[in-house]
Amino acid sequence: MICKRCGQCCFHLDIFIINPRSILPDGTVRSDDPEAMIFKPAQQMCPHLAIEDDRATNMTTCTIHHLPCYRGTPCEQFEQLGPAEDVCFMSGYFLRQGRRVCEPQS
Ligand code: SF4
Ligand code: SF4
């Protein structure tokens with residue numbers, strides 16, 4: 001799947017993420033940390049999501065994507081959805097609804 005880095009999935013979906021407070025200096029989390037995973041509700045900004053440039057481009061970056069603690073998370077598994085050569089269908093779905101990152105729909 002080709003990710004357009006729109007951040008739509010990181011904002012609009014319910015998902016379990018790595019707790020920012022649980023990340024160790026080497027980018028891992030302790031396996032016995034009961035609070036290493038926290039729930040991020042839909043329509044709420046993920047604390048790991050950074051918006052690049054300005055709102056015109058709306059490009060985003062996951063600030064923990066390169067860290068060891070990201071491996072095996074629901075976010076990494078989500079990236080595996082869809083054919084490898086296709087653009088992410090979720091991005092187009094949200095954009096067709098007129099949704100943007102950081103603008104919750106009532
Ligand atoms: S919705 Fe798709 S294209 Fe947008 S950030 Fe998520 S995986 Fe990438
Ligand atoms: S951890 Fe990264 S990939 Fe997962 S929701 Fe947050 S910003 Fe998106």
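Predicted model: local features only at pLDDT ≥ 70, side-chain atom pairs only at ≥ 80, totals over all residues.

Residues are numbered from 1 along each chain as its sequence is written, while chains are lettered from A and ligands numbered from 1 in the order in which they are written.

Confidence, then. pLDDT is the predictor's confidence in each residue, from 0 to 100. The protein averages 86, and 88% of the residues score at least 70. E2 has the highest mean, 98, and H3 the lowest, 83. Those labels are DSSP runs numbered from the N terminus: helices are H or I with at least four residues, strands are E with at least two.

Now ligand 1. Its shell holds Cys3, Lys4, Arg5, Cys6, Gly7, Gln8, Cys9, Glu79, Cys88, Met90 and Ser91. To be in a shell, a residue needs its C-beta atom, placed from the backbone, within 6 Å of the molecule. Helix H1 (8-12) and helix H3 (89-96) each supply at least two residues here. By class, that shell has 5 nonpolar, 3 polar and 3 charged. Ala, Val, Leu, Ile, Met, Phe, Trp, Tyr, Cys and Pro count as nonpolar; Asp, Glu, Lys and Arg as charged; the others, Gly among them, as polar.

Ligand 2 next. Around it sit Cys10, Ile15, Ile17, Cys46, His48, Leu49, Cys62, Ile64 and Cys75. That shell splits into 8 nonpolar, 1 polar and no charged.

What makes up the largest nonpolar core? Eleven residues: Cys6, Cys9, Cys10, Phe11, Ile17, Ile18, Cys46, Cys62, Ile64, Cys75 and Val101. H1 gives the most, with 3 residues. A core means buried Ala, Val, Leu, Ile, Met, Phe, Trp, Tyr and Cys residues joined through C-beta atoms within 7 Å. Buried means 20 or more other C-beta atoms within 10 Å of the residue's own; exposed means 12 or fewer; partly exposed is in between, with C-beta atoms placed from the backbone.

Last, backbone angles. Arg5 lies in the segment before H1. Its phi is near 55°, positive in a residue other than glycine. Arg5 counts as partly exposed because it has 16 C-beta neighbours inside 10 Å. Gln43 is in the loop between strand E2 (37-40) and strand E3 (49-51). Its phi is near 70°, again positive and not a glycine. Gln43 has 15 C-beta neighbours inside 10 Å, so it counts as partly exposed.
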